[in-house]
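Try each one before reading its solution.

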Amino acid sequence: MLTRRKEIIELLKFRPYTINELALYFETNKREILEDLKHVQKSMKGKLYVEPPTCLSCGKTIKISKVREISKCPYCKSTHLSKARFFIKQ
């Protein structure tokens, strides 16, 4: 049986997932998934990629390199954002 972090790695190899989708899949909260993704990012050494969120008000893409959840657009301060999606390239 795989640990949750190993199972997250296997899921992210097939398609991108948001933090919310992973939290629903594993029936846990977003904070635990964020911690797991941070660990995965360290252990995968550059293979975890992020599809960056886009502000749905001003249309700008918000570049992020670390695993985190963005709550406001740094450009227009709107909270109307798409969710970042995480995936693993082989």
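**Exercise 1.** Find which residues of H1 are buried, and work out how they are arranged around the helix.

*Solution.* Step one: in H1, the buried residues are Ile8, Ile9, Leu11 and Leu12; buried means under 20% relative accessible area, exposed over 50%, and partly exposed in between (1.4 Å probe, protein chains only). Helices (H or I, at least four residues) and strands (E, at least two) are DSSP runs, numbered from the N terminus. Step two: looking down the axis of H1, its buried residues fall within an arc of 165 degrees, so they line one face; the arc is that of the directions from the helix axis to the C-beta atoms. Step three: Lys6 and Phe14 are exposed on the face turned away from that buried side.

A note on the source: this is a predicted model, where local features need pLDDT of at least 70, side-chain atom pairs count only at pLDDT 80 or more, and totals for chains, interfaces and linings use all residues. Residues are numbered from 1 along each chain as its sequence is written, and side-chain values use heavy atoms, leaving out hydrogens and water.

**Exercise 2.** Identify what the buried residues of H1 pack against.

*Solution.* They pack against H2, H3, S1 and S2, with contact meaning heavy atoms within 4.5 Å.

**Exercise 3.** Locate Thr18 and decide whether it is buried or exposed.

*Solution.* Start in the loop between H1 and H2, where Thr18 lies. Thr18 has a relative accessible area of 7%, so it is buried. Leaving aside neighbours within four places in sequence, Thr18 contacts Lys83, Ala84 and Arg85.
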